[in-house]
Amino acid sequence: MVEPEQKRLVDIAAEVMGDEAGKIGITYTGFCLTALPHKKLADEQLWEKKGHRVTLVVEPGTIRHTKGTGKSIRIGVPYGARARMILLYLQTEAVRSNSREVELGRSMRDWLGRMGLSWGGETGKALREQATRISACSLKFYWDGDSAEAWTKGGFVRSGLRFHNRAPLNDRQTDLWEDRVVLDEVFWDALRHHPVPLREAALRELADRSASLDLYIWLAYRLHTLKKPTPVRWAALKEQFGSHYTVGRNFRRDFRLALAPAVAAYPEARVEYDEGDAGLILFPSRPPVAPRLVAVGG
């Protein structure tokens, strides 16, 4: 007998450790140190997130209104768990196929289905909205000490990533999407040279927890590179993750609540709290995906 939240953590760990399919997901290194917002911003508001040696800037875009005057309208930056899951699919499929042209249709439908995300209802509506935001926005990653000029006109995608407005005639219909999406060439080049492998089972378990998903991705990148126990002070954690939380008055509590599912989804992770200013102590840990299982196209 355990508390409901503790039971959920046990269930997450059990699902990940019991996964026999062994499928992996992929993300770009920059998203391990920065992230999209969790909540909706004003349509005209720019998003800037600083991480260790890198800053992500996402600018809202415009789309042409297909009804009425046909004028372009402003649309805000992508946010929340649904946007993250769409981006994870695009990155995973691009690296798997070694191409910045990603097929949609059934392959994306199947992947989102494995993540527990359906096409209908509020989930489908949220996916459509976030897909539009991703396709319209522009992004820049600024790495300390490196020239950022290559990112000046960067984006997530160059074309595609639009839902058709028509509803499916049956459950097997796959043409809700355009046939393919083409990743921005600058983003694709950075992704294929700096991919980070993740467990698909862990992504599935965290698909509705955007804060926990960000922390899992951060740990997956950080822990296996360590040579010795490394403290991360609360001040540094708050600088990187603090603006993600709507309740800033008790960051330590909110951070702990978000971290617990992330660690449950990463059974190899060795992480301890320090009740003083040291905050979190990270220990060298095995990566969530064994290196021999990762095949990345060059």
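Good morning. I begin with an open sheet of 3 strands, in the order E2-E3-E7, in which the pairing is antiparallel. Its edge strands are E2, residues 47-51, and E7, residues 138-143, each of which pairs on one side only. Neighbouring strands of this sheet are turned against each other by 10 degrees on average, with direction ignored. Please bear in mind throughout that this is a predicted model.

E2 and strand E3, residues 54-59, run antiparallel and are joined by 5 bridges. For a specific position, one may look at Lys50, whose bridge partner in E3 is Thr55.

Thr230 is found opposite Leu282 of E13.

I turn now to the helices. Two packed helices are described by the angle between their axes and the distance between the axes. How do the axes of H3 and H5 cross, and within what distance do they come? The axes of H3 and helix H5, residues 121-136, come within 9 Å and cross at roughly 65 degrees. Angles of 65 to 115 degrees count as roughly perpendicular, and H3 is therefore roughly perpendicular to H5. In passing H5, H3 makes a right-handed crossing.

H3 also packs with helix H6, residues 185-193, at an angle of about 70 degrees, the axes being 10 Å apart. These two helices, H3 and H6, are therefore roughly perpendicular to each other. The crossing in which H3 passes H6 is right-handed.

A further pair consists of H8 and helix H10, residues 251-264, whose axes come within 8 Å and cross at roughly 60 degrees. That angle makes H8 oblique to H10. The handedness of the crossing between H8 and H10 is right-handed.

Finally, I come to the cavities. Rolling a probe the size of a water molecule over the atoms shows where empty space is left. How many cavities of 30 Å³ or more does the model have? The count comes to 2 cavities of 30 Å³ or more, and the largest cavity has a volume of about 120 Å³.

Which helices each supply at least two residues of the lining of the largest cavity? They are H3, residues 80-97, and H8, residues 210-222. The largest share of that lining, 4 residues, comes from H3. The residues lining the largest cavity include Arg84, Leu87, Leu88 and Gln91, and also Leu213, Asp214 and Ile217. Among the others in the lining are Thr27, Phe31, Thr34, Ala35 and Leu36. By residue class, the lining divides into 7 nonpolar, 3 polar and 2 charged residues.

To close, I return to helix H3. H3 crosses H5 in the right-handed sense, and H3 likewise passes H6 in a right-handed crossing. H3 also contributes 4 residues to the lining of the largest cavity, the largest share. H8, for its part, supplies at least two residues of that lining and is oblique to H10. Thank you for your attention.

Conventions:
Residues numbered from 1 in each chain as written. Predicted model: local features only at pLDDT ≥ 70, side-chain atom pairs only at ≥ 80, totals over all residues. Heavy atoms only, no water. 1 Å grid on protein atoms, 1.4 Å probe; cavity = no way out; pocket = protein on both sides within 12 Å on 5 of 7 lines; lining within 4 Å. Points joined across faces, edges and corners; volume = space filled by probe spheres on them. Nonpolar A, V, L, I, M, F, W, Y, C, P; charged D, E, K, R; others polar. Pairing = 2+ DSSP bridges. Axes fitted to C-alpha atoms, helices over the stretch in contact; angles between N-to-C directions. Parallel < 35°, antiparallel > 145°, perpendicular 65-115°, else oblique. Left-handed = near helix turned anticlockwise from the far one by under 90°.
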